[in-house]
Amino acid sequence: MSSNQNPVVAVDHVQKSFGEVKVLRDISLAVNPGEVVAIIGPSGGGKSTLLRCMTLLERVDAGDLTYGDLTCAKDGTYGDKVLLAQARQRFGLVFQNYNLFPHFSVLRNVMDAPVCVQKRDRTEVEEHARALLAKMGLTGNEDKVPCQLSGGQQQRASIARALAMNPQVMFFDEPTSALDPELTAEVLKVIKGLAAENMTMVIVTHEMSFARDVADRIVFMDGGVIVEQGPAEQVIDHPREERTRAFLAQRG
Ligand code: ADP
Ligand code: MG
């Protein structure tokens, strides 16, 4: 990770309000190739909004948004639709609540976007999808519909679906917060596996020990700002800011 590499994704001086409420005050964050960034912080601090802005689900009011060589928002002004569509193919997104298509088989869920959006060859996509499902420990579940799977299996299918687009970066918003502890572990394990393969990732999580294990950098957000950031040994073990200390103390 040399510093002269272009970041895979970057936000620069991003601001976002909902009505009168300033949710993102002035956020700058650049994620380098192969880097794993964990975003932690109290509820309501703006973590999901930041992820939604970075994944173009929400428009920023001001600031720049870049994906490698693509600049999608400059001072909050978005480029054309073609550019946005190109940018959207560069990242994968996994939410708390899986969001699989309920009436599609697991295999079709994974194949849908590569075939319909990326217009890739169906045979090649199917092979890729089956391999990703195998990697997620889901072999034998290809023809089931999502409701026949456990929450942990559905979340792993969601991860396979996001990976099927060959993203340059994966975003996760509290991927295990809807899961029981034993199902959480299997999802965290596959995310760790991706980290070991140098997948670039931005992960909002309240799992502190997971964040410590997986992340190259921890970002602590509160009140719409990045309060502090750095390696886990710094932010989790030796936080500089009182707000970080208070949050971690409360988390136990
Ligand atoms: P976090 O993910 O850190 O818990 P969020 O980004 O979800 O924080 O929320 C930050 C703040 O923005 C909260 O006060 C929340 O109520 C508000 N907020 C988030 N989304 C919306 C929305 N679509 N409309 C209005 N307010 C919102
Ligand atoms: Mg959230």
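Which residues surround ligand 1? In this predicted model, where local features need pLDDT of at least 70, side-chain atom pairs count only at pLDDT 80 or more, and totals for chains, interfaces and linings use all residues, let's find out together. Residues are numbered from 1 along each chain as its sequence is written, and ligands are numbered from 1 in the order in which they are written.

The shell around ligand 1 is made of Phe18, Val23, Pro42, Ser43, Gly44, Gly45, Gly46, Lys47, Ser48 and Thr49, each with a heavy atom within 4 Å of the ligand. Sorted by type, the shell holds 3 nonpolar, 6 polar and 1 charged residue, with Gly counted as polar and Lys as charged. Helix H1 gives the largest share, 3 residues; a helix here is a DSSP run (H or I) of at least four residues, and a strand (E) is one of at least two.

Now look at the oxygen atoms of the ligand. One lies 2.6 Å from a polar backbone atom of Gly44, and a backbone N or O atom of Gly45 is 3.2 Å from an oxygen atom of ligand 1. For Ser48, the distance from a polar backbone atom to a ligand oxygen is 2.9 Å. Ligand 1 has 560 Å² of accessible area on its own, and the protein covers 56% of it (Shrake-Rupley method, 1.4 Å probe).

Next, the backbone. Most residues other than glycine have a negative phi. Leu56, in the loop between helix H1 (47-54) and strand E4 (62-67), has a positive phi near 65°. Asp75, in the loop between strands E5 (70-74) and E6 (77-78), has a positive phi near 55°.

How values were computed
Heavy atoms only, no water. Polar contact = N/O pair within 3.5 Å; in protein donor to acceptor, adjacent residues only side chain to side chain.
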